[in-house]
Amino acid sequence: MGKITGFLEFKRENESYIAPEKRIENYKEFTVPLKEDHLKNQGARCMDCGIPFCHSGCPLGNLIPDFNDKVYKGKWKEAAEILHKTNNFPEFTGRLCPAPCEEACVLGINEDPVTIENIEKNIVETAFKEGWIKANPPKVRTEKTVAVIGSGPAGLAAAQQLNRAGHTVTVFERDAKVGGLLRYGIPDFKMEKHVIDRRVAVLEEEGITFKTNAHVGVNVDAIKLKNDFDAVVLCGGATVRRSIPIPGADVKGVTQAMDFLKQNNQYVDGLADFKDIISAKDKDVIVIGGGDTGSDCIGTSNRHGANSVTNFEILSKPSVGRPANQPWPYWPMKLKTTSSHQEGVERFFSISTKEFLGDKQGNLTGLKTVEVEWIFTPGERPQLKEIEGTEKEWKCNLALLALGFTGAEKTLAEQFGLNMDFRTNIEASTKDYKTNIPGVFAAGDMRRGQSLIVWAISEGRQAAYHIDTYLMGESFLPLKDDFDLPRV
């Protein structure tokens, strides 16, 4: 590394935020970038650690020490080239990834880890600003055609890789605009949508065709699609939302989080009026579910002008530090306080919702809960036990269910004749991403279940290699392991 003693000289430094009372006035991103010399110092913190465990922590196998070193030396263009070798869309992961690479950072054993995610975002933003990211269409086209169903991160990554191999690629998206959950699930205050648009413009210039409002299995015939293309890859995500089967679940005001977030994103995009969307304005909001989707609902509710925002999590409150049973370099289940939490919310852990309450008109007025504890027995699954005498009623006008997803929708599986696994994901080989139907592949959340954006991009890249091999007999597209080389 260029600065052998950098990790001893510089402390971890993160981007700062615009104050909560100012940023909740709009839906724009609110991070304040570090100055270039500060970013160089952060790159200098990357150790010459011999075995970069950050590689194994990253599902893409990003060459993290290499681009950190280039940032420290001020060689931003070279850093961008290294970053794009393994990651098609670092502008997405640099904003939205929970950074498992940082939890695997060797420096993180006894110090704060390197700010890998922030460095990644600044590399790609510098590359766009300087005009280094340009369309690079293939010099030679094959006669093969590929249909990509779904334009989320898995679909976009598969499409770009297959296009680079020379195939003619068409992406089918059922919504009005490209991006999947990146566009309709992630609030603009976490990633403004022009970030998607500028990358899609590059992909179109490279020769990829996008067809929106094209819902395969509904207004696009699945069998005709299979017959018209040499290969099909399903990247439609795990979009079946988990419900909560308790009394009152059908009361007006009990709402799926993704419906709430999608409508708000359409409003921000100018595609809907505020009066026509699910609104938290002047309401007592309870968000059920403590993950990232729940956090997004909290931030959005505060921007609507909610009267109060409360968050329930059925699991026990995590520890602030790394738990003893999750040692480095594994991903730890630690207490996460997001920027949305900082904007205003009251959080409760170990609490279970028992019933939704409504008035005579069927409108939500409140809910009932009970406190719970988890019983752990070696060799058995944890058991949930309600604590007697802890029942409570809460005032609530809008309950947002941020409970995750249970698997893929069945429409495509039924129309293509595909097998689904016990988790209702499309059954496809972990070796080559093939389904039980020749020529049909699956990748991303649709294959592996609800996961991270970085995993979706990785899946799309890996699937593209195997689709290219299926079509041509061999492939020169890179696999993750191609870059996972020992360091000297």
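I note that the model is predicted. For the second largest pocket, I see that H6 gives the most to the lining, with 5 residues. Helix H6 (76–86), helix H10 (153–164) and helix H12 (194–205) are the elements that give two or more residues to that lining. I get about 390 Å³ of space for this pocket. Its lining has 16 residues, and Glu81, His84, Trp132, Lys134 and Arg164 lie nearest the centre. By type, I have 7 charged, 5 nonpolar and 4 polar residues in the lining.

Next, the UniProt record. Its unreviewed entry puts "domain: Dihydroprymidine dehydrogenase" at residues 23–131. Over that stretch I find 56% helix and 2% strand, with the end C-alpha atoms 29 Å apart.

Then the rings. I get 10 aromatic pairs in the structure. Tyr27 and Tyr267 pair edge-to-face, 6.3 Å centre to centre with 85 degrees between the planes. Tyr27 is in the loop between helix H2 (20–23) and strand E2 (31–32), while Tyr267 is in helix H14 (residues 257–268), 240 residues apart. Tyr27 is buried at 14% relative accessible area, whereas Tyr267 is partly exposed at 29%.

I also looked up Phe312 and Trp394, an edge-to-face pair at 5.0 Å centre to centre and 65 degrees between the planes. Phe312 is in strand E10 (residues 308–313) and Trp394 in strand E15 (residues 392–395), so this pair ties together parts 82 residues apart in sequence. Both Phe312 and Trp394 are buried.

Back to the tyrosines: ring pairs link Tyr27, Tyr267 and Phe274 into a cluster.

Last, charges over rings. Lys392 lies over the face of Trp394, 4.0 Å from the ring centre. The charged end of Lys262 sits over the ring of Tyr184, 5.4 Å from its centre.

Definitions and conventions. Residues are numbered from 1 along each chain as its sequence is written. This is a predicted model: local features need pLDDT of at least 70, side-chain atom pairs count only at pLDDT 80 or more; totals for chains, interfaces and linings use all residues. Side-chain values use heavy atoms; hydrogens and water are left out. On a 1 Å grid over the protein atoms alone, a cavity is a set of points where a 1.4 Å probe fits but cannot get out, and a pocket is an open set with protein on both sides within 12 Å along at least five of seven lines; lining residues have an atom within 4 Å of a point. Grid points are joined across faces, edges and corners, and a volume is the space filled by probe spheres set on the points. Helices (H or I, at least four residues) and strands (E, at least two) are DSSP runs, numbered from the N terminus. Ala, Val, Leu, Ile, Met, Phe, Trp, Tyr, Cys and Pro count as nonpolar, Asp, Glu, Lys and Arg as charged, and the others, Gly among them, as polar. UniProt positions are given in the numbering used here, feature names are shortened, and annotations may be inferred rather than shown by experiment. Rings of Phe, Tyr and Trp (its six-membered ring) pair if their centres lie within 6.5 Å; planes under 30 degrees apart count as stacked, over 60 as edge-to-face and the rest as tilted. Buried means under 20% relative accessible area, exposed over 50%, partly exposed in between (1.4 Å probe, protein chains only). A charge sits over a ring if NZ of Lys or CZ of Arg is within 6 Å of the ring centre and within 35 degrees of the ring normal.
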